[in-house]
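Here are my notes on this one, as promised. Have a look at the model first, then read on.

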Amino acid sequence: MIGVKDVERAAAFWAAALHLVPTEEWASDTWRTLAHADGSGRVLGLMRSESPAQDHPRIHLDLLVDTPAEQEAEVVRLVELGAYVVNWDRYPPDPDFVVLADPDDNVFCVVDLSKAPSGS
């Protein structure tokens, strides 16, 4: 589950970002479920939250790609969908990830697996 300020906006962003579809299951002004388009299962819940997004969350999504070119293309695609690049103050030398935030300021990363892991 991701806490968001605007459930409909978040559903549109994350559905496009992750190639999912919003479902009507439990849909309300405060909740939206995203699922695989082929009906094979639920993937992500979005819930309205009044608390602000954390600048340095301990838990966040990592979107994985295989090459630097894929990472660059994915960052561009996500920014076009409404994400923005975060001025991250904790990049290691030669990072394998780019930090973005969704339209509700929730931080997530696009990780290039050809350079992973950044924790080593």
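1. A word on terms before the details. Buried means under 20% relative accessible area, exposed over 50%, and partly exposed in between, with a 1.4 Å probe and protein chains only. Helices (H or I, at least four residues) and strands (E, at least two) are DSSP runs, numbered from the N terminus.

2. Ground rules. Keep in mind that this is a predicted model: local features need pLDDT of at least 70, side-chain atom pairs count only at pLDDT 80 or more, and totals for chains, interfaces and linings use all residues. Residues are numbered from 1 along each chain as its sequence is written, and side-chain values use heavy atoms, with hydrogens and water left out.

3. Strand 8 is the piece I'd look at. Strand 8 covers residues 107-112, and six of its six residues are buried. Val107, Cys109 and Val111 point one way, while Phe108, Val110 and Asp112 point the other way. Note that Asp112 is in that buried set too.

4. Its partners. Strand 5 (residues 62-65) pairs with strand 8 in the parallel sense over four bridges; pairing here takes at least two DSSP bridges between two strands.

5. The hairpin. Strand 7 and strand 8 make a hairpin with five residues between them. In the turn, Asp105 has a positive phi of about 75°.

6. What is the order of the four strands in the open sheet? The order is 5-8-7-6, with mixed pairing. Strand 5 and strand 6 (84-85) sit at the edges with a single partner strand each, so one side of each has no neighbour in the sheet.

7. The whole chain. The protein has two helices and eight strands, in the pattern β-α-β-β-β-β-α-β-β-β along the sequence. The radius of gyration is 15 Å, close to the 14 Å of the globule rule for 120 residues, so the protein is as compact as a globular protein of that length. That radius is taken over C-alpha atoms, and the rule is 2.2 Å times the number of residues to the power 0.38. The C-alpha trace spans about 45 × 35 × 25 Å along its principal axes.

8. Of the 120 residues, 36% count as buried. Among contacts (heavy atoms within 4.5 Å) with a separation of 6 or more, 49% come from residues 24 or more positions apart.
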